[in-house]
Amino acid sequence: LDDLILKIAQRTGRTISYSEPLLDATLPDGSRVNATYSREITTRGPTFTIRKFKENPWTPIDLIRFGTVSPEILAYLWLAIEFKRNIIIIGGTSSGKTTFLNAISMFIPPNAKIVSIEDTREIKLYHKNWIPATVRYSSDKTKEIDMFVLLKEAMRQNPNYLIVGEVRGTEAFVMFQAMASGHAALSTMHAESTEALIYRLTTPPINLSSSLVKLLDIVVSMAHYISVGENRRIVKKVDEIIDATKYNTVFIWDPSDNSFKSSNYSFVFSKIQDEYGIPYENLVREFDIRRRLLSILTNYNISPETFSKIISLYYLRREYILSYFGIS
């Protein structure tokens with residue numbers, strides 16, 4: 001098993017040894033591998049775990065079919081992303097955060113400049129102006145390039161959108177500074193609720209001030225439900241941040257009848273109205289059009305690349321797409 005783990009490490013371009021008995025890397029096919037060597041830290045012997053990923057990512061349409069999310073929630077997030085709202089997706093381990101992040105990132109306008117930053121490559125987009133960056137590990141710690149460094153470098157590239165695979169520590173401060181500079185940010189974080197997220201952001205090691213927390217617009221809470229004959233990821237709740245102590249719930253999943261309930265008011269739509277001068281009722285009308293379009297697309301077998309092209313065409317030739325799918 002030690003020999004096998006050495007071969008796996010070689011396939012990733014990394015090393016594992018008695019002096020560095022931990023491996024967290026990506027295989028050539030995009031799968032994530034975590035391994036331990038010998039009995040240095042796992043006393044019963046070496047271990048390895050491989051997390052397989054689809055070659056083509058799940059699209060928002062796939063997530064609707066799985067029952068993970070509703071067309072209403074996705075139409076709402078589509079509008080929020082177009083108007084550069086800042087979004088963090090939270091949940092426990094294996095709750096589908098990164099999959100959902102990749103799916104909603106397909107709503108980013110086609111001409112936007114995007115920089116994504118990850119520990120290991122999981123995000124896959126079809127935008128032409130997309131710069132994917134990953135952390136570089138090294139046995140010489142002075143030569144490592146971590147998330148904090150990559151985020152600072154990303155700011156110098158002047159992106160319209162920042163996608164951060166997962167925020168864990170001090171790099172969150174740089175991300176929120178980017179938000180303050182007008183860069184839209186999409187990210188994930190381990191937290192069980194909006195309250196837990198805000199607590200993590202405002203306590204060590206992150207220690208953000210309440211004024212910076214207000215820059216966050218939307219928190220999407222996800223969960224992994226396992227019951228008899230069922231194993232699914234689902235969007236539990238969507239909250240809008242008003243300030244560090246107050247938020248507005250716009251969507252919530254009701255497990256009693258497996259449906260998504262929505263409120264009649266959106267704080268984010270009000271902010272867009274104030275910032276862009278678009279009447280609130282126009283935003284609601286556009287939200288309904290996009291909801292109907294996403295519902296219609298669930299009837300088609302659409303690849304991720306085709307879905308991205310449809311979204312791009314919607315931005316560039318909106319009336320043509322609406323006419324093509326019979327939406328008035």
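Predicted model: local features only at pLDDT ≥ 70, side-chain atom pairs only at ≥ 80, totals over all residues.
Two strands count as paired if DSSP finds at least two bridges between them.

- β4 and β8 belong to an open, nine-stranded sheet with mixed pairing, and its order goes β6-β5-β7-β8-β4-β9-β10-β11-β12.
- The edges are held by β6 (130–134) and β12 (259–262); each has just a single partner strand, so one side of each has no neighbour in the sheet.
- On average, neighbouring strands here are turned by 20 degrees against each other, ignoring direction.

**Helices on the sheet**
- Helix α4 (residues 97–105) lies across β4, β7 (161–164), β8, β9 (218–227) and β10 (230–243), and it runs at about 165 degrees to β8.
- Helix α7 (residues 194–202) also packs on the sheet, touching β4, β8, β9, β10 and β11 (246–254). Its direction makes about 100 degrees with that of β8.

**The largest pocket**
- The largest pocket holds about 1,100 Å³ of space.
- It's lined by 42 residues, and the closest to its centre are Arg51, Phe53, Thr98, Thr99 and Glu122.
- Two or more lining residues come from each of α2 (60–66), α4, β8 and β10.
- Helix α4 shows up again here, giving the most to the lining with five residues.
- Sorted by class, the lining has 16 charged, 16 polar and ten nonpolar residues.

Key
Residues numbered from 1 in each chain as written. Heavy atoms only, no water. Helix = DSSP H or I, 4+ residues; strand = E, 2+ residues; numbered from the N terminus. Axes fitted to C-alpha atoms, helices over the stretch in contact; angles between N-to-C directions. Contact = heavy atoms within 4.5 Å. 1 Å grid on protein atoms, 1.4 Å probe; cavity = no way out; pocket = protein on both sides within 12 Å on 5 of 7 lines; lining within 4 Å. Points joined across faces, edges and corners; volume = space filled by probe spheres on them. Nonpolar A, V, L, I, M, F, W, Y, C, P; charged D, E, K, R; others polar.
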